[in-house]
Amino acid sequence: MKVKAEILRTYQSVHTWTGICAGLLLFIGFYAGSLTMFKHQLQAWIAPIPAELAAATAVPPQQLIDKAIAAYPQAMAKGFELDIAHEVPYLSWYSQGGARGMNLDNQLTYAFLNEHGELTTHIAGENKFADLIDYLHRSGGLFGEIGHDQLGVYVLGIAALLYFLALVSGVVILLPTLTKTFFALRKEKGASRLWLDSHNLVGIVSLPFHIVIAFSVFVFAYHDFLYDGLGKFYGDKPLFNMPTKTEQPYHINDLPKLELLLEKAHAYSGQHTTVHVSYNRLNSPAPFATLKMENPRALVRGPDTDYLFMHPYTLDVQNSSFPQGDTGTWGNTVATFFSLHFGTYGGNWGRWGYFVMGLLGAFLFYSGNLLWLDKRTRKDGEQKRSTLFMAKLTIGVCLGSMLGVVVTLVLGKTLQQSAFALNELYLWIYYLTFGAFIGLSFWLGARKASVFGLKALALGCLGLPLATMFVQYTNPYAASWLESIWVDVFGGVFAGIFLFAANKTKRRSQAREASSIWSMQAA
Amino acid sequence: METSGQGQAFQADWLSKTLAGMLLGLALAYVSIALFAWYGPGGIDAQDKVQFNMWMITPIWFSIFSATYLFRTGKRAWLLLGIPTLALYGVFFLLRSMA
């Protein structure tokens with residue numbers, strides 16, 4: 001396809017500048033996003049279920065609820081969480097803090113029946129590792145808050161806009177050569193060519209995924225503003241209808257049996273299984289229950305499950321994330337946007353697909369930066385300060401943020417039995433590792449730092465199975481390690497991948513191609 | 001900043017094209033969705049349609065924004081995006097005032 005030279009030049013500039021401005025932040029967003037696909041597995045790996053909980057008795061959940069209400073009526077009336085996905089049911093409530101916001105010192109009281117069928121409680125700090133991954137994914141790890149959201153979320157929203165511009169401009173500049181070089185991976189023309197070909201191939205093949213991610217990230221960040229703007233066009237029409245409240249408060253002693261609630265949920269959708277019920281404000285005029293509904297064979301709208309909102313006393317369905325029937329057209333379409341972002345379709349295959357696409361996305365930004373650096377060095381014929389700065393920053397941020405997560409995982413697990421405030425420790429370990437590696441990258445230079453960083457990553461990944469063995473060895477009854485065995489297995493796999501990459505990078509820097517940033521002397 | 005060669009009408013006009021894409025693109029996206037909300041399938045009261053409408057603003061805006069650099073000059077971008085924007089807002093408020 002023929003495209004005018006000036007249009008190509010313009011879009012080449014758009015592509016370069018949007019990529020350079022947003023690339024590093026998006027790199028963190030993407031690889032952390034990949035990890036969120038398996039955040040429950042990672043959470044179960046770093047903080048396994050305590051042994052006493054694992055040894056609890058399997059009873060009908062109703063028996064547990066009745067005993068807990070009798071023993072702790074006040075706490076239970078405020079609201080509690082009931083997990084019914086596991087063989088052994090347990091419930092929990094916040095004895096300090098609450099579910100909203102990112103409070104690192106939340107305390108949960110777990111209640112379950114011990115082997116003699118007696119109600120037992122276990123107080124534990126809420127482990128926030130999965131939230132740290134989420135936080136990195138949504139904010140890129142930027143500090144600060146605006147209103148009820150993190151500053152980084154808004155910054156990432158802007159980055160998503162730049163990223164969309166980068167996608168479109170990338171396609172435009174590829175148009176003239178698309179048919180010729182689409183599947184070409186030209187190894188023989190040197191490493192830069194191979195990087196360029198891989199960059200283009202990944203970008204074009206996963207384009208639909210990237211388009212959906214780009215605009216959904218913006219919507220997630222700015223939906224309040226978008227609704228406000230839309231409200232102006234709705235005039236006197238309210239955007240949303242508010243539910244009417246009843247006057248008299250309900251009381252927890254009148255709470256209908258769980259069975260009835262689950263039957264109602266099943267009647268609403270036969271394909272879904274309820275895995276979690278969250279009861280809220282039970283002794284108030286406006287109590288509500290949120291049900292997490294699993295359906296591995298359908299699009300679900302939440303990060304893991306669908307939601308069903310029910311009145312816990314009248315058992316009326318008040319709202320749901322999966323509207324049914326003829327009135328559901330718009331809601332179902334919106335649900336599709338959510339699931340296309342969260343990758344919550346196709347069960348575990350969908351998860352793996354999104355995991356890989358997320359990593360390829362991160363590769364897109366990483367390789368994009370490296371290509372820019374290569375091109376700049378070749379054009380300038382020398383290593384400019386700005387190019388060197390960007391090279392160090394790219395290596396520092398990309399490898400440093402991944403290293404931060406890996407080190408947090410390994411140390412977090414080995415320190416699990418210690419008296420540290422773990423949630424705060426996670427943040428400290430992450431930011432210290434991240435910052436230290438960026439510093440190291442500026443000190444050693446991009447070439448040495450990348451080899452060192454990749455090796456450190458390989459070592460860190462290998463640390464995952466080692467940490468599991470260490471914990472099992474020091475405290476054999478700590479928990480069931482088998483549940484999270486795949487985390488250990490893939491730790492080993494990724495250790496191999498990073499080691500391979502480290503060796504490749506080292507060899508390339510020894511070859512000292514004149515036009516490569518890898519040939520740069522440490523400055 | 002790049003400029004095109006002599007004798008060619010194409011100009012980079014980074015600032016004005018970017019602003020046209022950002023501002024007029026958003027304005028166009030809003031008014032198209034507003035028309036769709038009131039006069040599109042299901043009308044204004046269709047259940048959950050407001051969520052769909054909110055979602056669709058962004059892809060429309062982004063698409064217009066990313067195409068803005070195809071205009072030969074910044075002035076043309078403002079003209080060719082501005083006229084339909086004004087026209088659609090005119091139509092929208094006319095229809096609403098008649099209702």
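Author: What follows takes the sheet, then the interface, then the salt bridges. This is a predicted model, in which local features need pLDDT of at least 70 and side-chain atom pairs count only at pLDDT 80 or more, while totals for chains, interfaces and linings use all residues. Residues are numbered from 1 along each chain as its sequence is written, chains are lettered from A and ligands numbered from 1 in the order in which they are written, and side-chain values use heavy atoms, without hydrogens and water.

Reader: What makes E3(A) and E4(A) a pair of strands?

Author: Strands are DSSP runs of E with at least two residues, helices are runs of H or I with at least four, and both are numbered from the N terminus. Two strands pair if DSSP finds at least two bridges between them. E3 (residues 107-113) and E4 of chain A share seven bridges, in the antiparallel sense. So they meet the rule for a pair. A:Phe112 stands opposite A:Thr120 in E4(A).

Reader: Why is the sheet in chain A called open?

Author: Its eight strands run in the order E4-E3-E2-E1-E7-E8-E9-E10, with antiparallel pairing. Strand E4 (119-125) and strand E10 (317-320) of chain A each have a single partner strand, so one side of each lacks a neighbour in the sheet.

Reader: How do you know that chain B touches chain A?

Author: Contact means heavy atoms within 4.5 Å. By that rule, 40 residues of chain B are in contact with 38 residues of chain A. The buried area is about 3700 Å², and carbon and sulfur atoms give 75% of it. That area is the accessible area (1.4 Å probe) that two parts lose on being put together, summed over both. B:Met54, B:Trp55 and B:Phe62 supply 21% of the area that chain B buries against chain A, more than any other three residues.

Reader: Why is the link between B:Asp45 and A:Lys237 called a salt bridge?

Author: The rule asks for a side-chain nitrogen of Lys or Arg within 4 Å of a carboxyl oxygen of Asp or Glu. Here the N to O distance is 2.9 Å. So the pair qualifies.

Reader: What makes the salt bridge of A:Lys39 and A:Asp134 a tie between separate parts?

Author: Their side chains meet at 2.8 Å, N to O. A:Lys39 lies in helix H2 (residues 39-46) of chain A and A:Asp134 in helix H6 (residues 129-139) of chain A, so the pair ties together parts that are 95 residues apart in sequence.
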